[in-house]
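Dear colleague,

I am handing over the structure below, and my notes on its sheets and helix packing follow it. Please read them with the model open beside you.

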Amino acid sequence: MDARTTARRGHYTDRIEGSYRPITVHQLTLVWWLFQAGHITKRQLRVWFALHEMAERRRYMGKDREARYEARELLHLIGGRSGGPREAKTLSELSGDLSRLSELKLIAFSEHSIQFARSADQIALDDLSGFWTMLGHIDTPGRTVPVPRRMIRALAAGFTKAGTALIFTILIRCLFWHKQTSSYRMDGRYKLGWVAEVFGVSRRQLSDARTRLIDLGWISALDVDQWKLNRWGLHDLIDHAWNPSHAAEQNNQQARESGGEASGETACPSADFSGRTATPDLTDSLSLTGESLHQKPAPTRAGPAGVSLRSTSGGGRKTSRRGRSRAPAAAPNIRDIQAGDLGDTDRLLELHRQACTAGLANASEAGRLEFMALAERARCRGSKPGAMFFWLLRERKSEFITLSDEDEAARRLREYHNGRSTLLHEQTPATPPARTHDDFNDLDRFVSAVLKVSQKHRVDDPYRVARMKQEITRDQWDAMHTEFQMRQVQRWRSTDASSGGLEEF
């Protein structure tokens, strides 16, 4: 990277190849919150970036020419296929996306102009408390980010949810314009735990997304010692000359040289895309034209993979209150997954070993955790968990994993290796006993110690320290903190009463 060093620390460059589009941190946070809260779909988020690219193109037109925006240009940017009957349907759906964005007043779109909302106050929603809470966790919300146009086009073409969240974070934390030196700083620090908490994405998926962005060449990981890593987090550098099409070609060339096949993945929008990316996402999007999306159903009988779809309620098999069957007597078989296999950690790990042999799972620790999380996803949803689990494995639907699924999978693995732990929230009786004097003293000492450590290490949220000291939930910590403060107030009042109270004026 052609970067120059200034008097300050960091990596700087004089220009961003391919130009950039100024977008504020407020706008980036707003559009992500609207997507996360379900007010817009994943495709509508991509349309928002495509509109930014379309508007930026018109800035370089001559003053004697009038801007004109066409739906086919938007279709090309999000990766749709031109021509044929599918184009007319997709254009109709894109029209619905534009209507939804205009209804929220996120944009004002016409044939000759595009305007974007600059503040959440312009959005046509009554409850924006979630957005303001999210914005409160982000520094310098009014700052303008010089977003590279190549990345804008890549975002319009589509990344995963975790990939998009991480790109937002890197743009906010690693890309700055310094007016004093007329240069761009291209590096910064962030913690994946902070990203997961603020953007609502699994940390494991963020780690995979970061690896993907490094493979694409958009960022490179800078060396950082352990102390700085613990204090400030990862240190990444953005490539100011990144070209997504070149990055994809390099990846495919490396795959061919290593004896594999080219993946064909690219972050660059192209008219040659299959058109699948231009249709509503089956996980996050709904048709806006009133037509139902036909998702390929799960097989109704055992196919070549041999997945058994026998009912768990018959044949002498007993089912618990939560619908989890007892483990069958036969040995677990990846080609005949039973509902009871998903609730038994021993049998599930045997299925994981077989899945690795069949190429359906990864043998690493992360792969085992993902396998367990998919099992949690399948057994808690649907009437045929065995078939659903095999479908999730076969289609590699790791994006379906929720944070609760991953936490439950991690707990099961931890208990399998270390034995069942006796956590505070697992021992809570239906009617809690009255607290003794020693209980209150223990609570005061614990909360006081957490607050002192948080203040010493400048931790904004003491719950993060409390969670490291003891496995408690957010609600439990809030209750303990509130009770501690009330007891402090009672002590102060008793001290004032014993000293005669405050003088009244």
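Between β1 and strand β7 (residues 183-185) the antiparallel pairing runs over two bridges, and Y12 stands opposite R185 in β7.

This is a predicted model, in which local features need pLDDT of at least 70 and side-chain atom pairs count only at pLDDT 80 or more, while totals for chains, interfaces and linings use all residues. Residues are numbered from 1 along each chain as its sequence is written, and side-chain values use heavy atoms, with hydrogens and water left out.

For the chain in general, there are 19 helices and 10 strands. Of its 505 residues, 42% are buried, where buried means under 20% relative accessible area, exposed over 50% and partly exposed in between, with a 1.4 Å probe and protein chains only. Among contacts (heavy atoms within 4.5 Å) between residues at least 6 apart in sequence, 65% join residues at least 24 apart.

A further open sheet has three strands in the order β8-β10-β9, and its pairing is antiparallel. Here β8 (187-190) and β9 (219-221) are at the edges with a single partner strand each, so one side of each has no neighbour in the sheet. From one strand to the next the twist averages 35 degrees; axes are lines fitted to C-alpha atoms, for helices over the stretch in contact, and angles run from 0 to 180 degrees between N-to-C directions. The antiparallel pairing of β9 with strand β10 (residues 234-238) extends over three bridges, and I219 has I238 in β10 as its bridge partner. Helix α7 packs on this sheet and touches β8, β9 and β10, its direction making about 120 degrees with that of β8. Helix α9 also packs on the sheet, touching β8, β9 and β10, with its direction at about 110 degrees to that of β9.

Turning to the helix pairs, helix α7 (residues 161-174) packs against helix α8 (residues 192-199) at an angle of about 115 degrees, with the axes 11 Å apart. The two are therefore roughly perpendicular to each other (angles under 35 degrees count as roughly parallel, over 145 as roughly antiparallel, 65 to 115 as roughly perpendicular and the rest as oblique). The contact is made by A165, L166, F168, T169 and R173 of α7 together with L192, W194, V195 and F199 of α8. These residues divide into seven nonpolar, one polar and one charged, where Ala, Val, Leu, Ile, Met, Phe, Trp, Tyr, Cys and Pro count as nonpolar, Asp, Glu, Lys and Arg as charged, and the others, Gly among them, as polar.

The axes of α8 and helix α9 (residues 203-216) come within 9 Å and cross at roughly 120 degrees, which makes α8 oblique to α9. In this contact L192, G193, V195 and A196 of α8 meet R203, L206 and S207 of α9, and by class the contact has four nonpolar, two polar and one charged residues.

With kind regards

Definitions and conventions: Helix = DSSP H or I, 4+ residues; strand = E, 2+ residues; numbered from the N terminus. Pairing = 2+ DSSP bridges.
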